[in-house]
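Please examine the following protein model.

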Amino acid sequence: MVMTAGGRRGLRPDPHRSPPAGSLATSLQDIKPYCPPMLFPTIPKCAGCEQPILDRFILKVLERSWHGKCLKCIDCQAQLADKCFARNGQVFCKDDFFKRFGTKCAGCEQGIPPTQVVRRAQDNVYHLHCFACILCKRQLNTGDEFYLMEDNKLVCKADYEAAKAREQRGQRSGHAPPSPPSN
Ligand SMILES: [Zn+2]
Ligand SMILES: [Zn+2]
Ligand SMILES: [Zn+2]
Ligand SMILES: [Zn+2]
């Protein structure tokens, strides 16, 4: 083995030196002053306000700890003490979570909470109140006939047929030669 100049022998423990008598007691005394700082990291810091949490209840969300008052919906600022929803490191109340991430209503383009009753038309999902004719605003019920427009809007059968009839009349009169005054 080749030793280089300025070897670091001094940093290595000397295997030939036996521990001095009474070293156990000394080392216990040495440890004591380190106890309080060792405990400190177990007081969790709030992910919201960065202050240590000394409350009796600590909320654990997203593997982080929060004061009850600091866990708020990012959209409406409601406190989320009993229930919250998280995504991408952000927390939301239930309504705002599903507004953002729920299945989008084809009528109003807001998300739909899974607990809400929905209506479907082909691949589209609608809030109950959005599943309505855009012309007469009547909500469509199961069994009602309706037409699904290109922009996902719905038209009840009566309005659709009335509109179609108007259109056809319009086309006919458009192609007809201007009629002379009748009197
Ligand atoms: Zn806090
Ligand atoms: Zn909210
Ligand atoms: Zn809707
Ligand atoms: Zn209608």
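The paragraphs below describe this model step by step.

This is a predicted model, in which local features need pLDDT of at least 70 and side-chain atom pairs count only at pLDDT 80 or more, while totals for chains, interfaces and linings use all residues. Residues are numbered from 1 along each chain as its sequence is written, and chains are lettered from A and ligands numbered from 1 in the order in which they are written.

The pLDDT (the predictor's confidence in each residue, from 0 to 100) has a mean of 80 for the protein, with 72% of residues at 70 or more. In residues 6-11 the pLDDT is below 50, and this stretch has zero contacts in the model beyond near neighbours in sequence; a contact requires C-beta atoms, placed from the backbone, within 7 Å. Where pLDDT is low, predicted coordinates should not be read in detail.

The protein contains four helices and 10 strands, which are DSSP runs numbered from the N terminus (helices H or I, at least four residues; strands E, at least two). From the N terminus, their order is α-α-β-β-β-β-α-β-β-β-β-β-β-α.

Of the 183 residues, 15% count as buried, that is, with 20 or more other C-beta atoms within 10 Å of their own; exposed residues have 12 or fewer, and partly exposed ones lie in between.

Asp151 lies in the loop between strand E9 (146-148) and strand E10 (154-156). Asp151 is exposed because 7 other C-beta atoms lie within 10 Å.

Terms used. Contact = placed C-beta atoms within 7 Å.
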